[in-house]
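Come along and check each entry against the picture.

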Amino acid sequence: MDPANKEEKTTHVIGDQPTSDVVVRLRTQEGRDDWLYCHSEILTKNCKYFADRLSENWPTCQILGSRHCVDVYCQELDFDYHVNLIRLLYVNIDDSGDDMWHGVRNALGILQVAVELECPQIVTACVNYLEAVAWEEAEEEEILRLVPRMGLQAEPILARLQPVSQSALTNIFVSAIRFATSSPPPEMNDLKSSAQEQLEYMITEDDDAPLLTADDNIRHEVIDCLNRLFSRFNNSVIAPFCDSAESLSEAGNIQLFLSYLTDLSWVSQILSKLEIMRELVEYWFDVSEKIVKVLEQGSSAKEVTEMKLRAIEVTSKVLEAIGYGSVILPTAKRLQILKVWLPFVRVTKPMIDSAIMNGEDGMVIKMDGELWQSLESSFVSIILALPSADQAEVLTEWLENECIRYPDLTEAFEVWCYRSKVAKRRLSLLGDDHAMTNSI
């Protein structure tokens with residue numbers, strides 16, 4: 001700025017009545033009426049509203065005193081912002097520090113007034129400040145409420161809130177899923193958990209649609225990450241211990257096994273939402289017997305109890321996909337996975353319930369409250385889809401077991417009894433219909 005202009009601005013001080021040639025009356029509906037002694041050359045230089053009001057072209061300019069008094073009406077809540085804006089007209093904005101705004105709320109209030117009174121220099125300065133600083137949550141909501149009404153000049157403030165392109169979403173999702181399914185050092189576990197939470201949030205439909213719609217590229221990347229997780233799980237835990245007499249606790253690998261199961265439990269939820277459960281279902285079928293064997297070698301320690309719970313969480317998602325037809329498996333495989341996990345769940349649930357209820361060893365285990373009900377429903381669905389003879393085998397074993405209360409297969413038993421009783425009649429009727437059709 002020209003030094004002469006800078007000097008000119010500093011020769012006048014707001015409120016200096018002897019040199020003032022115009023009074024700005026700030027008035028509110030509540031009756032407040034404050035007089036600010038100002039200088040017309042300052043007001044008109046950077047504010048179109050005052051330039052118009054104090055010009056000879058203003059309709060009332062010839063009325064006595066109208067050019068020496070300007071009324072400005074405002075809400076009581078905005079009163080201080082009007083005062084601050086008029087003070088800023090006396091300041092060289094370009095040479096002032098950023099701390100003159102005294103926070104986001106004050107700058108937003110001044111911006112509203114500057115837009116209303118058409119003060120472009122102050123509008124630009126406010127926008128630059130608000131665009132650059134951090135906002136608190138309440139401030140962000142206020143900005144979203146007010147700034148869109150201010151037009152194009154205020155749009156830069158909203159840059160951080162604009163939707164991003166599909167390619168940008170895909171890039172960040174891919175980076176996050178790779179990190180969330182990796183095995184970083186223990187000190188990075190909090191970062192990994194945060195990445196997992198945000199990934200789940202991105203693809204969950206709540207009050208808003210999912211942030212990301214999975215396409216073939218995303219599904220392919222998720223499956224690649226899943227396969228790498230499977231490989232590490234096999235090489236680090238399953239292969240070394242399924243045929244070993246040494247337990248996980250004796251080898252000191254409980255935490256390693258638990259971390260893998262926790263990752264698989266989390267990724268099963270992601271796969272379910274992305275509708276790509278087949279890879280997990282087929283892998284889980286292949287390793288189920290080995291996993292159960294390793295888990296049954298463990299002690300009743302807290303970590304082992306939690307490992308069993310995480311394994312059951314994965315199993316619940318797998319059985320849900322099988323039971324409700326999301327993934328189609330042959331009869332033999334469906335029967336096999338049922339025979340592996342039904343006895344394990346039956347024995348493990350009382351142990352987990354007891355540990356949580358009694359708070360053993362200060363145990364704090366996070367679990368879905370609907371896990372057991374969901375698992376029971378999946379068992380029933382899978383059983384009822386088996387051939388009758390296989391159903392009979394499973395139900396016989398259930399009725400003879402002392403842990404008959406869970407899972408409760410009463411529904412499957414009732415349906416099996418009804419189907420078995422009416423089978424001959426129903427099939428004979430079907431045979432008669434078939435014969436009649438052939439004769440026609």
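Which residues of α17 are buried? I found Asp390, Gln391, Val394, Leu395 and Trp398 on that list. They sit on the same side of α17, because they cover an arc of only 130° around the axis; the arc is that of the directions from the helix axis to the C-beta atoms. I used these cut-offs: buried is under 20% relative accessible area, exposed is over 50%, and partly exposed is in between (1.4 Å probe, protein chains only). Helices (H or I, at least four residues) and strands (E, at least two) are DSSP runs, numbered from the N terminus.

Before going on, I noted that this is a predicted model, where local features need pLDDT of at least 70, side-chain atom pairs count only at pLDDT 80 or more, and totals for chains, interfaces and linings use all residues. Residues are numbered from 1 along each chain as its sequence is written, and side-chain values use heavy atoms, with hydrogens and water left out.

**More on α17.** I looked at the face turned away from the buried side and found the exposed residues Ala389 and Glu400 there. I also checked the length: the 13 residues of α17 (residues 388-400) should span 18 Å at 1.5 Å a residue, and the end C-alpha atoms are 18 Å apart, which agrees. The expected span is 1.5 Å times one less than the number of residues.

**Helix α6.** I listed Ile122, Val123, Ala125, Cys126, Val127, Tyr129 and Leu130 as buried in α6. The buried residues of α6 pack against α4 (79-88) and α5 (104-117); contact means heavy atoms within 4.5 Å.

**The pair α15 and α16.** How do the axes of α15 (residues 331-358) and α16 (residues 371-384) cross? They come within 11 Å and cross at roughly 155°. Axes are lines fitted to C-alpha atoms, for helices over the stretch in contact, and angles run from 0 to 180 degrees between N-to-C directions. α15 and α16 are therefore roughly antiparallel to each other, a label for angles over 145 degrees. Residues making the contact include Trp341 and Leu342 of α15 and Trp372 and Phe379 of α16.

**A proline.** I spotted Pro343 in helix α15, and at 32% relative accessibility Pro343 counts as partly exposed. The C-alpha atoms of Pro343 and Pro407 are separated by 9.6 Å, though the two are 64 residues apart along the chain.

**The whole chain.** I counted 18 helices and three strands. Of the 440 residues, 40% count as buried.

Technical notes
Angles under 35 degrees count as roughly parallel, over 145 as roughly antiparallel, 65 to 115 as roughly perpendicular and the rest as oblique.
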